[in-house]
Amino acid sequence: MTPPTIPDFGRHRIRVDDDVTLNAAVGGTGSPVVLLHGFPQTHLMWRHVAADLAADHTVICPDLRGYGASDKPAETGPDVYAKRTMARDVVRLAAELGHDSFTLAGHDRGALVAFRAAMDHPDTVSRALFLDVLPTLDMWDALRGVSGAVGFHLYLMAQAPGLPEEMIQASADAFFAYFLNAWTNAPDAIPADVRHHYLDASAAAVPSIVADYRASAGVDVDHDTVDRESGNRLAMPVTVLQQDWGAALGYHAQGLWSAWAEDLRHRTVSCGHFMAEEDPKLIADEIRALADR
């Protein structure tokens, strides 16, 4: 069965590496905006936002390497699912579609890919928007003590290959549904057919999803540490929208992001984690305002 995509968008399959082809939905006309999905989702999470932005932008919504209908290479080494590698995929995808510069927005895991793309490709990523994450180094620092139990899945999937994949595969629907249930303030924002798509797509991608998370406890930390120690910062305009996780976990989100971004707009929002589905107008308006600066 062909997986669902964004209505009225074209479906593209574009090779970005020797053994990796990405699935992407593309629609609209105008200056390009690339939207990267989070966990446990696919590009379909952007369906409302993308339809809005397509009125005046070319909108590109890929499934990340390892997710959805994109290829899922085996984790033969730490770089296969490094955010640096996944960011390069996105830059190559956009180039194949004719865009050497674009606004980039990412949610959750996609925001970590977007962060690395903006760090590594500042001449390509002209503006960046990040939804409900901290940069990897700050994320690990924030998850301390019993309050850090909210990130239990990060520690599970950081373990060596074998046990995490076996445990998650044994109860994949329950595992992935937990996050769809716990992280939303508006369950109706993810209707039954979309929810089933997310669960099916995630269950079919357990090894690559775990590999993505495992990289964030290893090679991604190494790459971010080099940037921090070198004083590298995001030079483009940056918008960050987050829930008030800092109040619960004891950190100042805007202060953490300010250390990485020279030109920062930070906003705390009231919707749940899946904000592109819970409040798509807010997210579309923020992306459009950033892209049109």
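Me: The axes of helix H6 (residues 163-170) and helix H7 (residues 172-182) come within 5 Å and cross at roughly 90°. Is H6 roughly parallel or roughly perpendicular to H7?

Reply: This is a predicted model, in which local features need pLDDT of at least 70 and side-chain atom pairs pLDDT 80 or more, while totals for chains, interfaces and linings use all residues. Residues are numbered from 1 along each chain as its sequence is written, and side-chain values use heavy atoms, without hydrogens or water. Axes are lines fitted to C-alpha atoms, for helices over the stretch in contact, and angles run from 0 to 180 degrees between N-to-C directions. Under 35 degrees counts as roughly parallel, over 145 as roughly antiparallel, 65 to 115 as roughly perpendicular and the rest as oblique, so H6 and H7 are roughly perpendicular.

Me: How many nonpolar residues are in the contact of H6 with H7?

Reply: Contact means heavy atoms within 4.5 Å. Ile-168, Gln-169 and Ala-170 of H6 meet Ala-172, Phe-175 and Phe-176 of H7. Ala, Val, Leu, Ile, Met, Phe, Trp, Tyr, Cys and Pro count as nonpolar, Asp, Glu, Lys and Arg as charged, and the others, Gly among them, as polar. The contact has no charged residues and 1 polar residue, and its nonpolar residues number 5.

Me: How many charged residues are in the contact of H2 with H3?

Reply: Helix H2 (residues 83-96) and helix H3 (residues 109-120) pack at about 80°, with axes 8 Å apart. The contact includes Lys-83 and Arg-84 of H2 and Arg-109, Arg-116 and Asp-120 of H3. With 6 nonpolar and no polar residues, the charged ones number 5.

Me: How far apart are the end C-alpha atoms of helix H14 (residues 280-291)?

Reply: Helices are DSSP runs of H or I with at least four residues, strands are runs of E with at least two, and both are numbered from the N terminus. The expected span of a helix is 1.5 Å times one less than its number of residues. For the 12 residues of H14 this gives 16 Å, which agrees with the distance between the end C-alpha atoms, 16 Å.

Me: Thr-42 is in the loop between strand S3 (31-36) and helix H1 (47-53). What is the relative accessible area of Thr-42?

Reply: Thr-42 touches His-37, Asp-63, Gly-68, His-197, Tyr-198 and Ala-201, leaving out residues up to four places away in sequence. Buried means under 20% relative accessible area, exposed over 50% and partly exposed in between (1.4 Å probe, protein chains only). Thr-42 is buried, because its relative accessible area is 0%.
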